[in-house]
Amino acid sequence: MPYRSLRDFIARLETEGQAVRIKETVRPEPDIRAAACAAARMPAGPALLFERIEGYGDKQVAMNVHGSPQNHALMLDLPKDTGMKAQFHELVRRFDCYPVHPVKVSDAPLKEVIVDNKPSLYRELPLFRVNPWDGGFYLSKACVISRDPETGENQNVGIYRLQVKDHDRIGIQAAAHHDIAVHLRKAEELNIPLRVAIAVSNDPVTSLIASTPLRYLEDEYAMMGAIRGEPTEVIPSERGNLDVPAGAELVIEGEIIPRMRFVEGPFAEFTGYYSTCMIQAEIKVDVITRRRGPIIFENLYSGVPWTEIDYLQALNTCVAPFKQMKADFPEIEALNATYCHGYCSIISTRMRFGGFAKTLALRYLSTPHGITYPKFIIVVDDDIDPFDLQQVMWAIAVRFRAERDLVVIPNAPGSTVDPAHLVRGITTKVIIDATKPVFPDIPLADASIVDIPPETVIWAEEIMKRRKVSI
Amino acid sequence: MICPRCEYDEAYKVFEGEDTIWEVFRCPRCNFNWRSTEGEEFTSPAKYNTRFKLSEKQIREMAPKPPIPPLKV
Ligand SMILES: [Zn+2]
């Protein structure tokens, strides 16, 4: 059953042992960040629900909601022990169900309270500093909805970092390659404000697709429907012509002030480093709608990997470039672009002929995501699960011949937030071909791989059974 | 109130928690927000991490992100 709200999903996580309630009073800083960091770093890390935050009355905070392979699987309504490769293939399958268009509803809990007289973000949300040297209190997991201001079409839903700066002011990072930057550019060319709605605390698929790099004309709501297996529900915003997710806890509405930039940042990014301070666009808030209390504020901790962002913005990042490559080269089996948003990526493939691994790596570098983000690409055969690093390292250990299989491409486009840049936006790409050489290449001298005994699977089950009894 | 980060002297209180258990301040120049309970390394201009301090000059020289496009006529 698809989840209609964050609350629905937390209830499911609790029945599966994947959510923990913290009933004691915690401090906004540093307790929430420390607990969220701990949850993300442990195996099968649970979501955390903080029921009492010092000074914030009955307002609650949810963290690490997507923060483990188990929670990611449950989001997709799969058994919680489903492996990453299987989840990847399931996600690919559901992407092909696109579009499943959203349905409009006329009533939702998020319209229970409408604050349009001097709305205050400090009053409505239990804000806290995510990382110590962040420039302020960030909304790090809220979904921003906007439309092309010229045509009123191409509605976009995306997660961008949002810095609360005042009662009714929010800084927004609209990087040039983000869809909202296209809307903002058009509005600023016309010198008109860009209307936005910010949905806080959503069902898990809404956040997943809002953080997926879809094409500009693709409709996030129709993709959410495809992933959920039924249409997602939306409700009109109070002002402007935007559709907001009906399951949200709270929606902030306002407009981006045209042609003005204000100090924003720093913010601890997915790279595990702080980004620099810049002057960025700002939203003037004019109305907040929300559920009657107590509100749950969902936010995201990002820091040195692995944190929740490495689960949320992970398999969804792999799917789009995988499908683009698959269309040209059906031999590709899977793509693991989960390391720092794909900075390091692993492709598994069947080999069409000798040298084919290089073809695939270069094709990856020409996908929209691949142009900038990946800088270290490993290609392995289809007998290797690219989501299993033990297998990947084995392939490199025994199949990689540096004199033939190492490719270095200097002076190539790179991610602008890569801390290792010499020139911001420029990087060196490395390809490691760890596939078995095939004709007409020279085969490996020792080409006979040891078989895994076929009875291993049966024995593994037997051993596990006995182990459970003894525990 | 002096901003711990850029040392602008017109920072002010914007909000307080239940029973005034803490207060939140903001700097109108660098937009820094801080809570009174975060500890001296966040609230004191003398103790704020020098790597993250901001000067007026740095603020003046910051590049706009995204760039502001020319007006369409
Ligand atoms: Zn300041």
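Helices (H or I, at least four residues) and strands (E, at least two) are DSSP runs, numbered from the N terminus. The model is predicted, with local features needing pLDDT of at least 70 and side-chain atom pairs counting only at pLDDT 80 or more, while totals for chains, interfaces and linings use all residues; side-chain values use heavy atoms, and hydrogens and water are left out. Residues are numbered from 1 along each chain as its sequence is written, and chains are lettered from A and ligands numbered from 1 in the order in which they are written.

**View 1. Lys23(A) in strand 1 of chain A.** Lys23(A) belongs to strand 1 (residues 19-26) of chain A. Lys23(A) is exposed, with a relative accessible area of 55% (buried means under 20% relative accessible area, exposed over 50%, partly exposed in between; 1.4 Å probe, protein chains only). Leaving aside residues up to four places away in sequence, Lys23(A) touches Glu51(A) and Arg52(A), where contact means heavy atoms within 4.5 Å. The side chains of Lys23(A) and Glu51(A) are joined by a polar contact of 3.5 Å. A polar contact is a pair of N or O atoms within 3.5 Å; within protein, one must be able to donate a hydrogen and the other to accept it, and residues adjacent in sequence count only if both atoms are side-chain atoms. Between Lys23(A) and Arg52(A), 29 residues apart along the chain, the C-alpha separation is 6.3 Å.

**View 2. The interface of chain B and chain A.** Chain B contributes 36 residues to the contact and chain A 46 residues. Together the two chains bury about 3500 Å², 59% of it on carbon and sulfur atoms; buried area is the accessible area (1.4 Å probe) that two parts lose on being put together, summed over both. Polar contacts across the interface of chain B and chain A involve 22 residue pairs, with both residues at pLDDT 80 or more. On the side of chain B that touches chain A, at least two residues each come from strand 1 (12-16), strand 2 (23-26), strand 3 (33-35), helix 1 (40-43) and strand 4 (64-65) of chain B. There are 5 salt bridges between chain B and chain A, a salt bridge being a side-chain nitrogen of Lys or Arg within 4 Å of a carboxyl oxygen of Asp or Glu. Lys72(B) and Glu189(A) form a salt bridge (3.8 Å, N to O). These two residues also belong to a salt-bridge network with Asp148(A), Glu150(A), Arg185(A) and Lys186(A).

**View 3. Helix 8 of chain A.** Helix 8 (residues 220-228) of chain A has 9 of its 9 residues buried, so it is largely enclosed by the rest of the structure. The buried residues include Glu220(A) and Arg228(A). The N-terminal end of helix 8 is capped by Asp219(A), with a side-chain oxygen 3.0 Å from the backbone nitrogen of Tyr221(A). Just after the helix, Gly229(A) has a positive phi of about 85 degrees.

**View 4. Salt bridges within chain A.** Over all chains, the structure holds 56 salt bridges. In one of them, the side chains of Arg161(A) and Glu269(A) meet at 2.8 Å, N to O. Arg161(A) lies in the loop between strand 8 (156-159) and strand 9 (162-166) of chain A and Glu269(A) in the loop between strand 15 and strand 16, so the pair ties together parts that are 108 residues apart in sequence. Arg161(A) and Glu269(A) are both buried. Arg404(A) and Asp441(A) form another salt bridge (2.5 Å, N to O). Arg404(A) is partly exposed, with a relative accessible area of 39%, whereas Asp441(A) is buried at 19% relative accessibility.

**View 5. Backbone geometry in loops of chain A.** Most residues other than glycine have a negative phi, and most peptide bonds are trans. The peptide bond from Gly265(A) to Pro266(A) is cis, with omega near -5 degrees. Pro266(A) sits in the loop between strand 15 (262-264) and strand 16 (278-290) of chain A. Pro305(A) and Trp306(A) are also joined by a cis peptide bond, with omega about 5 degrees. Lys118(A), which is not a glycine, has a positive phi near 50 degrees and is exposed, with a relative accessible area of 71%. Ser201(A) has a positive phi of about 65 degrees and is buried at 1% relative accessibility.
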